[in-house]
Amino acid sequence: MVIELYIVKNSVQIVHFYHYKKQSTTNRLILAIRHKILEIKQSLGISEKLYNNLHNANSQENLSEHEEYHKFLSESRKNANKTFFFFNSTETFHKLFVTWLDSRSNTDVPFQINFTINHNNVCEEQGQQLSILIAVTSSATHLESRAAIRETWGGFAKDKGAKIVFFLGLPKNPKYKTRIWDENTKFQDIIQATFLDTYSNLTLKTISVLKWVSEVCSLVKYVLKVDDDMFINVENFLTLTEMKNHSSLIMGELAHEWHPVRSAKNKWFTSFVEYPFNVYPDFVFGPSYLLTGDTISLLYNESIKMKLFHLEDVYITGFVAEKVNIKRINLPAMFNTPRDLQPCNFKNLLSSHGHTPPDMRRHWMWLTRRNFKCES
């Protein structure tokens, strides 16, 4: 069953009702739709008036997905000024979603990302022999977080043959400019783009990763994108990347049928104008995810053609990946929440989120001790 809802003249209207699944689901779905209407009206502060053309069962149309899709396209052209809400995540949703994405295409010249600190010699032969590149998206002011990563799991990754690079923007406070320059002179592992380093520019920061990898390390097998408060089980990732030959894939903690946050007080608020559907396409949560190398150029080239979205993970691994048909899957043991990092638990993990520099160092001290025993 599909319900089309429009906001028309300050009221929410159920404009079309197509029934193409079992009748037994009707009442439950209608209740869910009515609840959603109340939520929409509450959020938008619109009138109580509700128009609905849910006639009796004799007026319902039995349409295939193909017929339904083309009926929508035909009627949407007649109602171009109406906002569309689609309560279904089938193939039809994909078609409608991509149509909406096309409407967000940049008509101007694609925006450019430039680097004020760059290293073009990180990957030999464009990374042809490299199993994994770890791209750490780091706040410009988080010098201590970068130091902790180098001293713990990041340093271990380098010793094992992985490459690790930190991606920054420009700090608001000019005092950090010299400190970052000195840090890079010492470690030669910082890539700094020319946009301001703010939370609202996280999408740009990930696009800068895609751009740099596509230019400098385009033949790498896997790219692990992580935030600077992640704790990574490098050995498990190396085992995964060396044993598996995936292609056209993004792996991580999968968000399936995730609903946009409509409360304006919330950090992740998304208005109906910014995103009219009631669910996002599948995406993987942003603190850490693993991409096959063949996705990087595809994602980069498409990402710069579309109007940006403020939620980095939804935009890159949801909107853009959906547009270019890159599959997203859940990777068990890859967590974007804090996990118990005691040695016997850590051996089964891929990642854990929300760790301070002292926390990283403390856990690393325990993990590198070899005198513990785990129950089988």
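## Helices α7 and α9

In this predicted model, helix α7 (202–216) and helix α9 (residues 296–303) pack with their axes 9 Å apart and at an angle of about 125°, and they are therefore oblique to each other. Oblique is the class left over once angles under 35 degrees are counted as roughly parallel, over 145 as roughly antiparallel and 65 to 115 as roughly perpendicular. The axes are lines fitted to C-alpha atoms, for helices over the stretch in contact, and the angles run from 0 to 180 degrees between N-to-C directions. Helices are DSSP runs (H or I, at least four residues), as are strands (E, at least two), and both are numbered from the N terminus.

The crossing of α7 and α9 is left-handed, a term used if the near helix is turned anticlockwise from the far one by less than a right angle, clockwise being right-handed. On the α7 side Ile207, Leu210, Lys211, Val213 and Ser214 take part, and they meet Ile296, Ser297, Leu299, Tyr300 and Ser303 of α9, where contact means heavy atoms within 4.5 Å. This contact comprises six nonpolar, three polar and one charged residues; Ala, Val, Leu, Ile, Met, Phe, Trp, Tyr, Cys and Pro count as nonpolar, Asp, Glu, Lys and Arg as charged, and the others, Gly among them, as polar.

## Helices α7 and α10

Helix α7 also packs with α10, at an angle of about 45° and with the axes 8 Å apart, so this pair too is oblique. Leu202, Thr203, Thr206, Ile207 and Leu210 of α7 make the contact with Glu312, Tyr315 and Ile316 of α10, which gives five nonpolar, two polar and one charged residues.

## Helices α4 and α6

The axes of α4 (residues 143–151) and α6 (residues 175–187) come within 11 Å and cross at roughly 15°, which means that α4 is roughly parallel to α6. Their crossing is left-handed. Leu143, Arg146 and Arg150 of α4 meet Tyr176, Arg179, Ile180, Glu183 and Phe187 of α6, a contact with four nonpolar, no polar and four charged residues.

## The largest pocket

The largest pocket holds about 850 Å³ of space and is lined by 35 residues, with Tyr199, Leu202, Asp227, Trp268 and Pro287 nearest its centre. The lining divides into twelve nonpolar, 13 polar and ten charged residues. At least two lining residues come from each of α7, β9 (222–227), β12 (283–292) and α10 (312–323), and β12 gives the most, with four.

A pocket is an open set of points on a 1 Å grid over the protein atoms alone, where a 1.4 Å probe fits, with protein on both sides within 12 Å along at least five of seven lines, and lining residues have an atom within 4 Å of a point. Grid points are joined across faces, edges and corners, and the volume is the space filled by probe spheres set on them.

## Basis of the values

Residues are numbered from 1 along each chain as its sequence is written, and side-chain values use heavy atoms, with hydrogens and water left out. Local features need pLDDT of at least 70 and side-chain atom pairs count only at pLDDT 80 or more, whereas totals for chains, interfaces and linings use all residues.
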